[in-house]
Amino acid sequence: MQPRNMSMSGVVDLAAVKAAGEAKQKAEQERSRAAEGNGAPGPAGLVIDVSEADFEAEVLQRSAEVPVVIDFWAEWCEPCKQLSPVLERLTQEYAGRLLLAKIDVDQNQMLMQQFGVQGIPAVFAVVAGQALPLFQGAAPEQQIRATLDQLVQVAEQRFGITGLQGVPQEEAGEQPAEPQAPEDPVLAAAQQALDSGDLPGAIQAYRNKLSDDPANVEAKVGLAMAELLSRVQDMDARQVRKDAADRPSDVAAQLQVADLDMAGGHVEDAFGRLVDTVRRTAGEDRDAARVRLLELFEVIGPEDPRVVTARAALARALF
């Protein structure tokens, strides 16, 4: 899904930390100590696993010195497996200008509720004790990078927070990287095309992979994501929503709005609209709505609870 343009409007104050002015003063003090050669305190690594028990120390307190990006994920979430490695690699590239805190939602339900997470993957940031949503869903790398650039800029200009000083990129990781399995060249080419915005190229590459390996989960998710982004990239969102509201029986219009909702991270809205469309239609119209719903299921993976719920609703609508 496409990251939102960053804004400090609508941020949620987290009472457990000091006010932004105090955070800015602390950041200035840390930079002064670093300039004197004492070195600013920093984490052992830039990518850390965080739980409810250490959230205040690892996220809230550190956010006074460096922007902390939060990746809400779960082991069963297929899009998370696409997004998390990108976030981890980009965090290393930023070399101390931000941290990445990974939160397993299955183990930390309270944090998920406090942040109002409706679905995963979901990415937030905490700056000077203030939380703001960044984006939901697996987004292309170039859009993630643009969002992180904006986060770093907001942190510096608004709060004077410039991150940890003197963290070499090659030493940023907490532990040596684990050996990686050989990369699939077809999937690598597909991901590269997706990250660069070459949606036709990504679609074709994922289709090539599926022609050889029809059960490949990564290719299924990637193809569904690339096709969704391709459908919405030239849409006039305002006009599409107006058309759907004016013509509720127009199935094509309902499919377009469902795509927009999905691309914007409003998963339940997209699924609900399509289930209602299936319930109200018959014949080719019903089949078109059903097929599109199944395609959108692939975007976030069959084990996502929202897919399980929507699949049951679809069965009731059909039978």
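Which residues of α7 are buried? Keep that in mind as you load this predicted model and go to the helix.

**Stop 1: helix α7**

Select residues 199-212. This is α7, with 14 residues. From first C-alpha to last, α7 reaches 20 Å, close to the 20 Å expected at 1.5 Å a residue. Now colour its buried residues: Leu-199, Ala-202, Ile-203, Ala-205, Tyr-206, Lys-209 and Leu-210. They cover an arc of only 165 degrees around the axis, so they sit on the same side of α7. An α-helix has 3.6 residues a turn, so residues three or four places apart point the same way.

Next, show the neighbours. The cover over the buried residues of α7 includes α3 (78-94), α6 (185-195) and α8 (217-232). Turn to the face directed away from the buried side. Pro-200, Ser-211 and Asp-212 are exposed there.

Finish at the N-terminal end of α7. Asp-198 caps it. Look for a side-chain oxygen of Asp-198 at 3.0 Å from the backbone nitrogen of Gly-201.

**Stop 2: the disulfide**

Select Cys-77 and Cys-80. A disulfide joins them, with an S to S distance of 2.4 Å. A search of the whole structure finds one disulfide. The torsion about the S-S bond of Cys-77 and Cys-80 is about 80 degrees, so the disulfide is right-handed. Cys-77 and Cys-80 are both buried.

**Stop 3: two cores**

Select Ile-144, Met-262 and Phe-271. They have the most contacts inside the largest nonpolar core, which has 71 residues.

**Stop 4**

Most residues other than glycine have a negative phi, and most peptide bonds are trans.

- Pro-121: a cis peptide bond joins Ile-120 to Pro-121, with omega about 0 degrees. Pro-121 is in the loop between α4 (109-114) and β5 (122-127).
- Ala-95: phi is positive, about 50 degrees, although Ala-95 is not a glycine. Find it in the loop between α3 and β4 (99-104).
- Ala-128: phi is again positive, about 50 degrees. Ala-128 lies in the loop between β5 and β6 (130-136). With a relative accessible area of 3%, Ala-128 is buried.

**Stop 5: Arg-316**

Select Arg-316 in helix α13 (residues 305-318). Is Arg-316 buried or exposed? Its relative accessibility is 60%, so Arg-316 counts as exposed. Arg-316 and Val-275 are 41 residues apart in sequence, and their C-alpha atoms are 9.3 Å apart in space.

Notes:
Residues numbered from 1 in each chain as written. Predicted model: local features only at pLDDT ≥ 70, side-chain atom pairs only at ≥ 80, totals over all residues. Heavy atoms only, no water. Helix = DSSP H or I, 4+ residues; strand = E, 2+ residues; numbered from the N terminus. Expected span 1.5 Å × (residues − 1). Buried < 20%, exposed > 50% of the residue type's maximum accessible area, 1.4 Å probe, protein only. Arc of directions from axis to C-beta. Contact = heavy atoms within 4.5 Å. Polar contact = N/O pair within 3.5 Å; in protein donor to acceptor, adjacent residues only side chain to side chain. Disulfide = S-S within 2.5 Å. Core = buried A, V, L, I, M, F, W, Y, C linked by side-chain atoms within 4.5 Å.
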